[in-house]
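Here is a short note to read alongside the model. Keep the structure open and check each point as you go.

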Amino acid sequence: KEYRRQRQMCIRDRDPTEVAVPSEAPSEGETTPPVTGTQEIPLVAVSLIPVLEEETDENGTTIFRYQYQTITAILPDAPDASEKITSTMEERGKEAAGSVEEILNWARQDYTGDSSWVPYSCQVAFVPARVDATTVSFSGAVWSFSGGVHPNCTRISCSFDAASGDVLTLSDIPVSYTHLTL
């Protein structure tokens, strides 16, 4: 139900980040080596605008709900990549919601008009999983309910190169292990 709330999410990181690059780890009693340089991290933002479409009967009872998002990638240093990511995510959302018409038709057929009716629904929701200077990744889920005890869920994900907007495979995604400890 959390996804049903209207919200907009924007992730931004523009401040210069200082990066220390020590040649070796400090020994006990020593301090961390001084900062050796700065790195500008470009602005990367993702806007997720929720949309709700409903079909009702003549009395205003909801028989079907379709919830999805309009997703906009904002990369000022790479406008072509922004457009490519935005259009690809629009296509992915449409692909993920491929059964919307079918579920809507089932709702129209199955609706009896009684007060215990639970609307059939389809919800496609994405969240940014990684948004940085190299990679923009989304994790998502498609929830559909067409009667029964529980909805069905399918998980989906998609990652992009932040410079070109090209879709990445898992092996293409740059990974830094410097933040991990053993």
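1. Cys 122 is buried, and its relative accessible area is 1%. The cut-off for buried is under 20%, so Cys 122 falls within it. Keep in mind that this is a predicted model.

2. Now take Cys 158. Its relative accessible area is 5%, so Cys 158 counts as buried too. How many disulfides does a search of the whole structure find? The search finds 0.

3. Turn to the aromatic rings. The structure holds 6 aromatic pairs. Take Phe 138 and Phe 160: their ring centres are 6.4 Å apart, and their planes meet at 75°. Planes over 60 degrees apart count as edge-to-face, so this pair is edge-to-face.

4. Where do these two residues lie? Phe 138 is in strand 6 and Phe 160 is in strand 7. The pair therefore ties together parts that are 22 residues apart in sequence. Both Phe 138 and Phe 160 are buried.

5. There is also a ring cluster. Tyr 111, Trp 117, Tyr 120 and Phe 145 are linked into it by ring pairs.

6. Next, look at helix 1. It covers residues 79-96, which makes 18 residues. From first C-alpha to last, helix 1 reaches 26 Å, close to the 26 Å expected at 1.5 Å a residue.

7. Which residues of helix 1 are buried? They are Ala 81, Ser 82, Ile 85, Thr 86, Thr 88, Met 89, Gly 93 and Ala 96. These buried residues pack against several strands, among them strand 4 (62-74), strand 5 (120-131) and strand 6 (135-145). Strand 7 (152-161) and strand 8 (167-168) are also packed against by the buried residues of helix 1.

How values were computed:
Residues are numbered from 1 along each chain as its sequence is written. This is a predicted model: local features need pLDDT of at least 70, side-chain atom pairs count only at pLDDT 80 or more; totals for chains, interfaces and linings use all residues. Side-chain values use heavy atoms; hydrogens and water are left out. Helices (H or I, at least four residues) and strands (E, at least two) are DSSP runs, numbered from the N terminus. The expected span of a helix is 1.5 Å times one less than its number of residues. Buried means under 20% relative accessible area, exposed over 50%, partly exposed in between (1.4 Å probe, protein chains only). Contact means heavy atoms within 4.5 Å. Rings of Phe, Tyr and Trp (its six-membered ring) pair if their centres lie within 6.5 Å; planes under 30 degrees apart count as stacked, over 60 as edge-to-face and the rest as tilted. A disulfide is a pair of cysteine sulfur atoms within 2.5 Å.
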